[in-house]
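Open the structure in your viewer and keep the selection tool at hand. The stops below go from one selection to the next.

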Amino acid sequence: MGTPKIVLTADRTLMSPYRGLSLATFFGCAPALDPHRKKNSFWYKILGNQVTPKILFDFICNYIPHTNGVANYAPYGLRKLEAGLLRDGFSRQDVVVAHPDHIEQFIGPETEVIGTYEMDPLGMGPVTMTFTYGRKQISYDEFYNTELHYRIKAAKAKTGSKAKVISGASGTWQYNYDPEKIEEFGIYAILEGELGGIAPEIDGHAGRFFNYLINGDFENMDPFRKRSDFKVNIKEFERNGKKIHARFVNFWARPDIDEIPNIVEPSMHGMVEVMRGCGRGCKFCDVTLRSLRYYPPEKVVQEIEVNMKKGGAKSAWIHSDDIFVYGMDPRTAKGMEPNREALEELFTAIMSTGVEHTNPTHGTLAGAIADEKLLPNLSKIIKASPDNLIGVQVGFETGSLRLIEKYADRKLAPYKPEEWHWVVKEGVKTMNENYWIPAFTLIMGLDNDETPEDSWDSIRLISELEQEQPDAMFTATALTFVPIGLLEKSDFFNIGNEMTAAQLGVLYKTWQHNLKYGIKKFMNRTGAKGPRRLFFNAIARSLGGIPLGAMERYARRKSKEHERVIEIIKAKYW
Ligand code: B12
Ligand code: SF4
């Protein structure tokens, strides 16, 4: 294929099917290296600096297949960019989506731009910050993103390529916190939104953006550039007494549905969008800053067909930030009543493609129960059953009524903040009855405003769920607060140094729940079927207890109060 003008790619952690295990897709957030491990420690003698053994990571994070170095699957956002470029006048020969392990073969003197899709380039996402104690360790996301940039740099040096490296997608805000990396990686420019960390939607302007890049239009700041256009912002940072200058390109757009091209090559995990934005307005969330638009079912079907015909997909991840908002008219649905007809029509169309399984990526509990016919009807359409469980990510956020009211009151609509505990319990019950399994996320240190009493509210609520619904199926993952969305001016929650005893308790309780209920009771009924499932379940069972032991040791080291919290949880909330 030679060296095309535009080479697009993503690091290995975003280019893996993770052997079909949906929960493993977050494995990139796991710690890879501990640069501070003492050389005389037991673990150093066994693993050196490695935390999660690389051999295990590389096995689970298997590479996607490729055809002569061209990636057979790619992140959905990158596929949108590729489709936009092809629509806007670039030819197939001009644009390649390269497999990260074969990137060198596409970089040469004719390459003009290398674009990278980055979701968590420096390991600062909420899951990653939790697992690495606030970046005290280096995550696999960061490790492989660094490796990718080093390979690109080396390939450019080897071939004398002057290609401009541009970083895009939702994680690029992270470079603001570690700008030295921009220079270290040789990044020419970073595309970022104007508010809250969320990436600008480039769909309607892909060609224009890349033409500007190729023509050198982003060399300098042009103060006369129109507000609606891409704006160059040369930022100055000071680190260790040294001034660093880096080029950021700021942009904001709200493409209409017709301006959003359909993907033309298969996406990772058979994922397709059905909507953009969410409309519930939680203050800690960035995707809600994208305004609300819905794909008509025909457009969704067309993209699924690309994944089926060209990628052999048998299932479809349906990307929505809250599926139960799909089709809602916010002007008339003041209480955020779901639009059942629109949802039924959507899922009927999805199933008409012949996919064997489908699941929405995200949904809310309030949306799931606001219309009692909704979930039973949808489950019937998508053939949910004990053998076809529907996993969905759901925000539990906190058991604290104070915090939920202050930061996420519309997440509960049409219910009121004081009804939150009831919504959670009823939501789990209804979802499970209809064969849906919520994978809950909680936020630790929300806006650095969480008191010990708030944390205990979360611990108690999980425990009450377990006591009142002993067969309930849900997982719970506590994540650290990261300042994005409307809280972008806040500070990171410093889990490494500031975790209170009660916050450790939340972490401990959620892991204990996942081990006791998730791994032992129902994990063997979800995800890829067959021997693989049994094998990974056995691994999870044997390794699942390790974090609990680590937390108990941490508590003993930290303080009497930390130890006491663990003891109370074991005695009262186990
Ligand atoms: C699917 C998904 C995943 C999948 C990714 C699968 C895959 N390989 O594709 C999995 C489950 C693995 C995942 C993991 C993580 N995710 Co995720 N994920 C998403 C989700 C739900 C959809 C992404 C998507 O396709 N969006 C739709 C497309 C069209 O939008 P887009 O990706 O932004 O792409 C557009 C532009 O960015 C631009 N663009 C895209 N690529 C490029 C490249 C260049 C060069 C340029 C110029 C432009 C450009 O063009 C596209 C069209 O406009 C989003 C939520 C959301 N609403 O976006 C969260 C989201 C992106 N994830 C997020 C996070 C934080 C993570 C994790 C760090 C875990 C965590 N929560 O802590 C990990 C990191 C994984 C890693 N290895 O890096 C956050 C990012 C928040 C932020 N601003 O930093 C989001 C926004 C969810 C949220 N609100 O918290 N994720
Ligand atoms: S419901 Fe979810 S996607 Fe919507 S604003 Fe709240 S956190 Fe964001």
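Which ring does the charged end of R12 sit over? Select R12 and Y144 to find out. The charged end of R12 sits over the ring of Y144, 5.2 Å from the ring's centre. Keep in mind throughout that this is a predicted model.

**Helix α5**

Y144 is among the buried residues of α5. Now select the whole helix, residues 140-159. Its 20 residues should span 28 Å at 1.5 Å a residue, and the end C-alpha atoms are 28 Å apart, so the two values agree. Colour the buried residues next; they include Y140, D141, E142, L148, H149 and I152. Then step just past the helix to G160, where phi is positive, about 70°.

**Ligand 1**

Select ligand 1 and the 45 residues around it. Those that come nearest are T13, V127, W173, D203 and D286. A nitrogen atom of the ligand is 3.0 Å from a polar backbone atom of L14. An oxygen atom of ligand 1 is 2.7 Å from an N or O atom in the D203 side chain. At R290, a side-chain N or O atom is 2.9 Å from an oxygen atom of the ligand.

Switch to the cartoon view. α3 (76-87), β6 (113-117), α4 (126-131), β8 (164-168) and β12 (271-273) each give two or more residues to this shell. Which of the elements gives the most? It is α3, with four residues. By class, the shell has 22 nonpolar, 13 polar and ten charged residues.

**Ligand 2**

Move to ligand 2. Around it are C278, R280, G281, C282, F284, C285, V287, T288, D321, T364 and K411. Five of these residues are nonpolar, three polar and three charged.

**Aromatic pairs**

Show the aromatic rings. The model has 27 aromatic pairs. Start with Y212 and F230, an edge-to-face pair with centres 6.2 Å apart and 90° between the planes. Y212 is in helix α7 (residues 206-215), while F230 is in the loop between α7 and β10, 18 residues away. Are these two residues buried or exposed? Both Y212 and F230 are buried.

Next, pick F237 and F248. Their ring centres are 6.2 Å apart and their planes meet at 50°, so this pair is tilted. F237 lies in strand β10 and F248 in strand β11, so the pair ties together parts eleven residues apart in sequence. F237 and F248 are both buried.

Now widen the selection to F209, F210, Y212, F218, F230 and F251, a cluster linked by ring pairs.

**Last stop**

Finish at K299. It lies over the face of Y295, 5.4 Å from the ring centre.

Methods:
Residues are numbered from 1 along each chain as its sequence is written. Chains are lettered from A and ligands numbered from 1 in the order in which they are written. This is a predicted model: local features need pLDDT of at least 70, side-chain atom pairs count only at pLDDT 80 or more; totals for chains, interfaces and linings use all residues. Side-chain values use heavy atoms; hydrogens and water are left out. The expected span of a helix is 1.5 Å times one less than its number of residues. Buried means under 20% relative accessible area, exposed over 50%, partly exposed in between (1.4 Å probe, protein chains only). A residue is near a molecule or strand if one of its heavy atoms lies within 4 Å of it. A polar contact is a pair of N or O atoms within 3.5 Å; within protein, one must be able to donate a hydrogen and the other to accept it, and residues adjacent in sequence count only if both atoms are side-chain atoms. Ala, Val, Leu, Ile, Met, Phe, Trp, Tyr, Cys and Pro count as nonpolar, Asp, Glu, Lys and Arg as charged, and the others, Gly among them, as polar. Rings of Phe, Tyr and Trp (its six-membered ring) pair if their centres lie within 6.5 Å; planes under 30 degrees apart count as stacked, over 60 as edge-to-face and the rest as tilted. A charge sits over a ring if NZ of Lys or CZ of Arg is within 6 Å of the ring centre and within 35 degrees of the ring normal.
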